Amino acid sequence: MSGHSKWSTIKHKKGIADAKRGQKFTKLIKEISVAAKNGSDPESNAALRTAILKARLENMPKDNIERAIKKGSGELGNAVFEELQYEGYAPGGVAIIIQCLTDNKNRTASDVRSTLTKNGGSLGATGSVSYMFTTKGIIDYDATKYTEDQIMEAALDAGADDVVTNDGVIEVTTSPSNFQQVLDAMEKAGFTQESGSIEMVSDNRVALDKEHAQKVMKIVDRLEDLDDVQNVYTNLDLPDDYEDPED
């Protein structure tokens with residue numbers, strides 16, 4: 001779990017420094033709209049509640065969130081987005097999964113393939129790497145606000161699977177089915193999360209040196225820059241001396 005917690009820390013730091021707020025909003029609006037197709041009430045729609053949580057953590061205006069819900073539920077016309085998942089390899093043999101929401105499959109496939117090959121990666125067949133990952137709920141808390149013992153006691157009582165701390169982030173892991181239950185219980189107990197989502201976590205991680213890890217992170221950054229890409233997951237175990245080359 002320590003490898004994933006390290007990656008959570010990097011994502012958290014990148015999120016704070018990321019100036020591409022407009023692009024983030026576009027992706028979040030897509031996610032909210034797709035989730036709202038299964039119901040516009042976040043209390044009964046866990047996927048929608050999670051998408052709204054992400055949007056609020058990015059300080060998306062309430063009007064934008066409500067408009068995305070109405071679009072997804074059909075009140076403002078149907079939002080036609082298709083969920084796609086691509087699998088392949090990044091430099092160093094690192095497994096990579098790219099999740100997309102798109103209204104143009106051909107464009108998305110071309111963009112993903114081109115980005116991978118131009119940056120030393122390759123596209124694989126469906127199922128080529130997904131067997132290496134397990135879907136889990138991940139909820140992160142700021143370790144400067146709470147102690148691990150405080151979070152652990154409340155989270156495990158609520159049904160969480162594990163709690164670890166790394167680089168200032170307390171990471172709570174749940175099964176996908178218990179994610180909403182744990183999130184709700186933690187909020188009721190007075191704990192404010194930094195982030196919360198259902199993610200794909202690798203079962204076995206690949207360790208690379210800093211130079212090669214930076215090449216993998218470069219390809220992750222380029223993929224995340226694509227408008228149709230929602231999430232990118234790898235089985236890279238970031239080295240302790242890792243530094244973002246863009247910092």
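This is a predicted model: local features need pLDDT of at least 70, side-chain atom pairs count only at pLDDT 80 or more; totals for chains, interfaces and linings use all residues.
Asp 184 counts as partly exposed, because its relative accessibility is 24%, and by the convention used here buried means under 20% relative accessible area, exposed over 50%, and partly exposed in between, with a 1.4 Å probe and protein chains only. Residues are numbered from 1 along each chain as its sequence is written, and side-chain values use heavy atoms, with hydrogens and water left out.

Asp 184 forms a salt bridge with Arg 49, with the closest N and O atoms 3.0 Å apart; a salt bridge here is a side-chain nitrogen of Lys or Arg within 4 Å of a carboxyl oxygen of Asp or Glu. Since Asp 184 lies in helix H7 (residues 179–188) and Arg 49 in helix H3, the pair ties together parts that are 135 residues apart in sequence. Helices (H or I, at least four residues) and strands (E, at least two) are DSSP runs, numbered from the N terminus.

By the salt-bridge rule the count comes to ten. One of them joins Lys 54 to Glu 31, the closest N and O atoms again being 3.0 Å apart; Lys 54 sits in helix H3 (residues 46–57) and Glu 31 in helix H2 (residues 21–36), so this pair ties together parts 23 residues apart in sequence. Both Lys 54 and Glu 31 are buried.

In the salt bridge of Lys 105 with Glu 82, the closest N and O atoms are 4.0 Å apart, and this pair links helix H5 to strand S1 (residues 82–90), 23 residues apart. Lys 105 is partly exposed, with a relative accessible area of 45%, and Glu 82 is also partly exposed, at 36%. Separately, Lys 30, Asp 103, Arg 107 and Asp 228 are linked in a network of salt bridges.

Let me finish with helix H8 (residues 210–224), where Asp 221 is found. Asp 221 counts as buried, at 11% relative accessibility, and its C-alpha atom is separated by 9.0 Å from that of Val 232, eleven residues away along the chain.
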